Amino acid sequence: MEPRYPKCLDPKTKPSNFCPGCGYGIILKTLGQVIDEMEVAPRTVFAVDIGCNLLAWNYYKLDTIQTHHGRVTPLCVGYKRANRESVTIGIAGDGGLYAIGLQSFLHAAHRDDPVTIIGVNNTIYAMTGGQLAPTSLLGQVTDTSPQGKFTYEKPVLGPELAKEMASSSAYLARGSILNIPQMKGMLKAAIERQLAGHFAFVEIMSYCPTNWKTDAQQSIETLEKLEETFKVGVINA
Amino acid sequence: MAVKKELLTGNDVVLKAALLAGAEYFAGYPITPSTEIMNGWAKEAADNPKLLFLQTEDETSAGMAVIGGLLAGKKTWTVTSGVGHILIQDPLVLAETLSLPFVMYVGQRGGPSTGTVIYSQQELNLARYGGNSEGLRVVYAPSNIQELFEITQKAFNTAWRYRLPTIILGDGYLTKTLSPVDTSRVIPAEKAEAIFLNKDVKNLRNCFSREDELAEHLNILFAKYAAASRQIVESESYKTNDAKIVIFAWGTVGFAAKVAVANLRKQNKRVGLFRPITMRPFDDRGAIKAVQKADKILIAESSGGQFGRIVRETLTQATDAEYVRLYKPAEGITSEEIEAKIKEIY
Amino acid sequence: MLKREMYKILIAGEGGQGIQSMAHILAKAAYESGLNVSYLPNYGVEQRGGVSLGFIQFGKGPIGFPKFAKADLLVVLCDRAIERTKPYVQKETLYLYDTDLISSINLAEIRAEKLPIPATSVASAKLEPKVFNIVLLGAITAELGIINIKMVEKALTENFADKYILKPQLKNLNLKALDLGQRLAQEGYKNDK
């Protein structure tokens with residue numbers, strides 16, 4: 001039997017180019033289900049950033065633009081301002097959002113731009129082969145933190161940081177691919193909040209078996225451990 | 001239409017021309033000497049709900065927001081200068097690979113780095129080939145305030161007709177100057193069209209998996225650019241037919257040179273001017289034709305030779321004329337200086 | 001009185017002395033007198049406090065670069081501006097300055113015909129000190145026979161329209177200052193002879 005894809009996914013581009021065991025497939029499929037269920041596909045515009053998420057440029061049967069280098073947020077902000085009826089969704093990794101795209105991300109929150117941004121956090125730069133991310137933990141070994149050197153005392157906590165600058169009306173949450181129903185609810189809430197005219201952000205904890213060098217069981221265990229630092233839940237309702 | 005002269009600053013002129021060309025949306029970040037245009041737009045937009053305005057956190061974001069506006073089918077534009085111009089090349093190359101009608105006015109200021117705040121001609125390389133660009137863009141260089149009025153309108157039309165990023169490359173002297181302008185010279189505006197949420201689904205990519213895929217994409221863009229270039233390319237050859245000395249100059253210096261040539265002709269000096277109006281594409285043929293009788297070529301520019309290198313490369317095979325340089329990086333060049341230089345070398 | 005085909009005028013002083021207002025009014029009046037005109041304000045990166053320059057050109061012919069190499073008329077309103085404007089002086093330049101704002105000792109090196117105008121002291125004695133720049137504008141207009149004084153009055157009124165609403169008496173004060181400046185320039189010449 002064929003797997004049941006959400007209607008807004010483009011079957012022609014499946015299977016996608018993500019590594020086996022990558023968390024992106026789960027996130028994108030869940031987002032697709034939300035778009036279907038909310039019946040917003042005809043007015044949805046999707047934007048991807050630099051990093052592994054750029055592979056999703058043809059994932060959906062939705063108008064999609066591939067941006068670069070942490071610029072997905074201002075692209076979404078710019079589009080949405082010109083088309084208030086649209087549902088504008090951007091996705092980026094932890095490097096794109098919290099390093100090179102941080103100021104755009106924070107200022108969109110500050111201006112309360114009505115866009116939905118999804119940040120995928122696997123505590124590492126994955127597409128470039130495993131470098132230190134702003135979300136990496138103290139002592140974490142990556143290509144640019146050999147032996148755990150050069151790491152930060154504490155990782156960037158995106159939604160918590162955004163709360164400092166965001167409007168009180170913004171929706172800020174952290175979900176995980178280990179709890180798909182909860183993550184789905186957060187994605188839905190984030191689109192609803194955009195439609196209500198406010199900024200919405202969901203960080204999703206995800207795994208990267210390729211760079212973590214973990215098998216399926218180890219990936220889950222590692223992610224469970226990470227969630228002790230990156231607490232799942234709604235940060236600003 | 002009857003001539004309608006108004007006394008305006010270059011800033012007023014850019015704003016007025018953009019509105020006449022159908023600009024609906026402006027996203028930008030303040031930087032001298034281009035800020036006043038942004039202020040003007042904000043003021044207009046505050047009174048007109050049809051006009052959209054966004055002040056972003058930096059110029060890269062401004063450029064990305066412009067691209068967002070273009071995807072929605074709004075005539076979106078920005079203005080910048082100097083270091084902001086460097087940052088905005090990042091979104092501009094995205095517009096280049098996606099063939100988007102990105103319109104930008106650049107008021108050159110001094111460089112490198114923060115340099116000075118009003119005037120220079122040092123952003124030519126950046127405008128023509130900034131970023132990891134293949135130069136798939138149009139760069140117009142107005143030489144006076146009247147031309148600024150017409151070229152700003154034309155830039156929007158070129159951008160939307162050929163789907164090419166289009167830059168109007170001016171400077172702070174040009175936009176701060178108050179001068180009479182004939183504002184009856186209005187050009188009919190091209191139509192804008194939404195790219196997203198319009199007819200079929202579009203997946204736009206800027207990243208290719210394989211070298212040959214990107215090469216194929218680029219070859220299509222190069223072919224389109226070459227065809228469009230023939231329609232777009234513009235230059236002015238002024239009294240070059242019998243000229244012993246041909247001046248090569250552009251932008252505000254180009255107009256100063258024209259006035260100098262007019263004065264020198266009254267003194268029976270066989271002097272001419274070649275002035276590119278599009279800095280990219282560049283009118284190679286026009287330049288070559290202009291120097292047929294020349295035994296000296298005077299290159300005048302407010303930079304250390306950015307324009308001179310283009311001129312010498314273009315004319316390599318075309319002339320044995322001697323090159324004389326009047327390079328004044330970061331400083332203006334007046335008609336009197338050009339006239340004096342010609343008299344010195346004539 | 002200056003006679004030229006094209007006029008190049010540079011006004012220089014401290015930021016806040018009204019340099020750009022003077023230049024703007026003069027440019028507008030030249031335009032309204034039927035001339036081609038170009039006016040470029042020029043100052044440094046400072047919002048306040050630098051030397052402020054106004055480059056004005058007008059006449060019947062075309063105007064090339066918005067800046068020029070040498071001035072026909074240089075108007076100097078502060079000591080700092082003397083050094084800053086030195087490159088624009090040639091022996092044919094008419095050097096107009098406010099004797100109350102400039103120490104003549106600082107002008108020793110300036111080789112040009114000088115026209116000293118005691119604008120600040122005369123404005124203080126007969127009107128109000130703040131209109132010294134309008135007095136100077138009157139003197140400038142008198143030197144430039146080509147500009148219609150009615151057009152200067154018109155441009156002056158337009159420029160200060162907002163202020164006149166709040167203080168209607170300003171209008172008369174400014175017009176008197178303009179007239180005073182014209183007479184000062186004319187007397188200056190008489191004294192020379």
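Contact here means heavy atoms within 4.5 Å. The structure discussed below is a predicted model.

Q: Between which chains are the most contacts found among the two pairs of chains that touch?
A: In this predicted model, no contact joins chain A and chain C, and their closest C-alpha atoms lie 27 Å apart. Chain C does meet chain B, through 23 residues from chain C and 23 residues from chain B. Among the two pairs of chains that touch, the most contacts are between chains A and B.

Q: What area do chain A and chain B bury between them?
A: The size of an interface is often given as the accessible area lost when the parts come together. Here 30 residues of chain A are in contact with 32 residues of chain B. Carbon and sulfur atoms account for 59% of the area buried between chain A and chain B, which is about 2,600 Å².

Q: Which element gives the most residues to the side of chain A that touches chain B?
A: Across the interface of chain A and chain B there are 17 residue pairs in polar contact, both residues at pLDDT 80 or more. The elements of chain A that give two or more residues to this side are strand 1 (44–48), strand 2 (63–66), helix 2 (72–82) and helix 4 (102–111). By class, the side has 12 nonpolar, 12 polar and six charged residues. With seven residues, the element that gives the most is helix 2 of chain A.

Q: Which strands are the edge strands of the eight-stranded open sheet?
A: The order of the sheet is 7(A)-5(A)-6(A)-4(A)-3(A)-1(A)-2(A)-9(B), with mixed pairing. Within it, strand 3 (residues 87–93) and strand 4 (residues 116–121) of chain A pair in the parallel sense over five bridges, and A:Ala92 stands opposite A:Gly119. Each edge strand pairs on one side only, and these are strand 7 (233–236) of chain A and strand 9 of chain B.

Q: How far apart do the C-alpha centres of domain 1 and domain 2 of chain B lie?
A: Chain B is divided into domain 1 (5–232) and domain 2 (236–345). The contact takes 29 residues from domain 1 and 24 residues from domain 2. The two domains bury about 2,200 Å² between them, 53% of it on carbon and sulfur atoms. Their C-alpha centres lie apart by 27 Å.

Q: Which element gives the most to the side of domain 1 of chain B that touches domain 2 of chain B?
A: One salt bridge is found across this interface, and the side chains of B:Arg275 and B:Glu147 meet in a salt bridge at 2.6 Å, N to O. There are also 15 residue pairs in polar contact between the domains, both residues at pLDDT 80 or more. Several elements of chain B supply at least two residues of this side of domain 1, including helix 6 (145–162) and helix 8 (211–232). The element that gives the most, with four residues, is helix 5 of chain B.

Q: Which three residues supply 34% of the area that chain C buries against chain B?
A: The area buried between chain C and chain B is about 1,700 Å², of which carbon and sulfur atoms give 68%. More than any other three residues, the contributors on the chain C side are C:Tyr31, C:Gly64 and C:Phe65.

Q: From which element comes the largest share of the side of chain C that touches chain B?
A: One salt bridge is found across the interface of chain C and chain B, and C:Lys8 forms a salt bridge with B:Glu336, the closest N and O atoms being 3.7 Å apart. Helix 1 (19–32) and strand 2 (36–42) of chain C each give two or more residues to this side. The largest share, seven residues, comes from strand 2 of chain C.

Conventions
Residues numbered from 1 in each chain as written. Chains lettered and ligands numbered in written order. Predicted model: local features only at pLDDT ≥ 70, side-chain atom pairs only at ≥ 80, totals over all residues. Heavy atoms only, no water. Buried area = accessible area lost by both parts, 1.4 Å probe. Polar contact = N/O pair within 3.5 Å; in protein donor to acceptor, adjacent residues only side chain to side chain. Nonpolar A, V, L, I, M, F, W, Y, C, P; charged D, E, K, R; others polar. Domains from an automatic or database assignment. Salt bridge = Lys/Arg side-chain N within 4 Å of Asp/Glu carboxyl O. Pairing = 2+ DSSP bridges.
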